[in-house]
Amino acid sequence: AALAALKAYVAAWNGHNPEALAGTLNYPYVRIADGTVDVSASPADFLRGAEPGRQRTWFETRLEQADAVQVSSSGVNITLRYTRRGRDGTAMSTYDALALVTSRNNTWKIQAISSLGP
């Protein structure tokens, strides 16, 4: 279920739909990257932030690897590698990250992402 939540997050990125992306997150949502820590308290807060606008800088995010490294009944830490691709399919960048996926009311969503890239 946690891996399915991660795949739904990536699909929302690739759908270029900020509202759908916001719907894949549990709140407060935390993003650690670019030397900053961003916290979104709600979907509206997330949509006002910088993250939805980042979708314009690449066309597709491809999940290259995802491995659950810590698992409990309410949360899973997943190490992942993803590649950002341009409209022509050319790889623009590849990054490693850690995602915390949590279950609330029997629904799994992304709670936090820590990325070694932007």
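Reply: One definition to begin with: a residue is buried under 20% relative accessible area, exposed over 50% and partly exposed in between (1.4 Å probe, protein chains only). The model is predicted, so local features need pLDDT of at least 70 and side-chain atom pairs pLDDT 80 or more, while totals for chains, interfaces and linings use all residues. Numbering starts from 1 along each chain, and side-chain values use heavy atoms, leaving out hydrogens and water.

The strand is β5, residues 91–104. Strands here are DSSP runs of E, at least two residues long; helices are runs of H or I, at least four; both are numbered from the N terminus.

Start with Thr94, which lies in β5. Is Thr94 buried or partly exposed? Thr94 is partly exposed, because its relative accessible area is 44%. Now look across to Thr83. In sequence, Thr83 and Thr94 are 11 residues apart, yet their C-alpha atoms are 4.2 Å apart in space. Their side chains make a polar contact of 3.0 Å. (That is a pair of N or O atoms within 3.5 Å; within protein, one must be able to donate a hydrogen and the other to accept it, and sequence neighbours count only through two side-chain atoms.) Beyond four places in sequence, Thr94 touches Arg81, Tyr82 and Thr83; contact means heavy atoms within 4.5 Å.

Go along β5 to Thr102. Thr102 counts as buried because its relative accessible area is 12%. Which side chains does the Thr102 side chain join through polar contacts? One is Asn26, at 2.8 Å. Another is Gln111, at 2.9 Å. Leaving out neighbours within four places, Thr102 is in contact with Asn26, Ser74, Gly75, Thr107, Trp108, Lys109 and Gln111.

The largest nonpolar core has 24 residues, and Tyr9, Tyr29 and Ile110 touch the most other members. β5 supplies at least two of its residues, as do α1 (2–14), α2 (18–22), β1 (25–33), β4 (75–85) and β6 (107–115). The largest share, 7 residues, comes from α1. Such a core is a set of buried Ala, Val, Leu, Ile, Met, Phe, Trp, Tyr and Cys residues joined through side-chain atoms within 4.5 Å.

Take Tyr29 as a close-up. Beyond its neighbours within four places, Tyr29 is in contact with residues including Tyr9, Val39, Phe46, Ile110 and Gln111. Gln111 also has the 2.9 Å polar contact with Thr102.

For contrast, find Val37 in strand β2, residues 36–40. Val37 is exposed because its relative accessible area is 57%. In soluble globular proteins, nonpolar side chains tend to be buried together.
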